[in-house]
Amino acid sequence: MRNLLPTPSGGLLDQHNRQHNYLRISVTDRCSLRCTYCMPAEGIDWKPRQALLNYEEIIRLAKVFVELGVNKIRLTGGEPSLRHNLHTLIEQLALLPNQTMLAMTTNGLLLPQTAKLFKAHGLTSLNISLDTLKADRFKAITQFNALGQVLDGIDAAIEAGYWPLKINMVVMAGINEDEIMDFVDFVKDKPLNVRFIEFMPFKNNQWGLERFVPYHVVRQQIETRYALQPIRTEPHAVAKDFAIEGHTGTVSFITSMSQSFCSTCNRIRLTADGAIKSCLFDPAEISLRDAMRCGASDEELKQLIRQTLWNKSEGHAPAEEILAHQNRPMIAIGG
């Protein structure tokens, strides 16, 4: 059954009957930071400009995905705001029909200059990566002394009125797990959702069980001080969301490794060089860029997309197997 072609009707279904309506588009593999869990210590070979999808190609593929049922789009990187004139791409994506979300994940460094601009052109929500509130630790994790710029970026995003506005914090034992309560306190009077993300294994990112902090440990620590009230979310949500007693802000938990959400996965990923990936942890990919540049029609692109999704695995492999795969590092896939 695994190699049978999917039928053209019914949207983007896989053979496990999962409907896919959420497209994550990486617009660049470059980043202004060098976070150790995202980029291998030896770095990566940056894709030459001509290898990346241009804006016209991104818009064409986005339209194709929308015609197949996608109604949520997120821009990722690398750092997406490094892409020249990104607001023009945002504006064109915002004009696509039936969209309920146009979001971006960013390191926040350029938000003081771009938060209002991006929102004015149609960006609806932001996730900002921030793994520590300590300046020296920020430099150790990212290789740059730029914590103040990120905090200014968060303030700029709040002022611009983004909602939801989320802070992504990857919890790593021996590195930042002692700051869990600091982040809870950070959102006490701010309209922010801090998301505690389990450390995920990627090529040469120093993942190991000794650095892994599971969801239940983080939650138990928070509940020693605060009562958490579950927030009802949509069926495909990857986060477990909670209100905090006495807080304006909220907390969430991304449990990719300890309690995977593969059974309800609705995500498709498009890399900066135009490869479609049905799973973050699966090396398998097909180049839509090459197909386009060789003259493929929209219908032929749709068939490639359907085939990729149809062959999607039921769930990701255990961490040890993921590490053994020859997959791209996180920065080259899109966060």
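Let's start with a space in the protein: the second largest pocket holds about 270 Å³. This is a predicted model, in which local features need pLDDT of at least 70 and side-chain atom pairs count only at pLDDT 80 or more, while totals for chains, interfaces and linings use all residues. Residues are numbered from 1 along each chain as its sequence is written, and side-chain values use heavy atoms, with hydrogens and water left out.

A pocket here is an open set of points on a 1 Å grid over the protein atoms alone, where a 1.4 Å probe fits, with protein on both sides within 12 Å along at least five of seven lines; lining residues have an atom within 4 Å of a point. The volume is the space filled by probe spheres set on the points, which are joined across faces, edges and corners. Among the residues lining the second largest pocket are Arg30, Leu52 and His84.

Now for the cysteines. A disulfide is a covalent bond between the sulfur atoms of two cysteines. Here a disulfide is counted when two cysteine sulfur atoms lie within 2.5 Å, and the count is zero. Cys31 is buried (under 20% relative accessible area, with exposed over 50% and partly exposed in between, using a 1.4 Å probe and protein chains only), because its relative accessibility is 18%. Cys35 is buried too, at 14%.

Finally, find Ile222 in helix H7, residues 215-223 (a helix is a DSSP run of H or I with at least four residues, numbered from the N terminus). Ile222 is buried, with a relative accessible area of 0%.

Terms used:
Helices (H or I, at least four residues) and strands (E, at least two) are DSSP runs, numbered from the N terminus.
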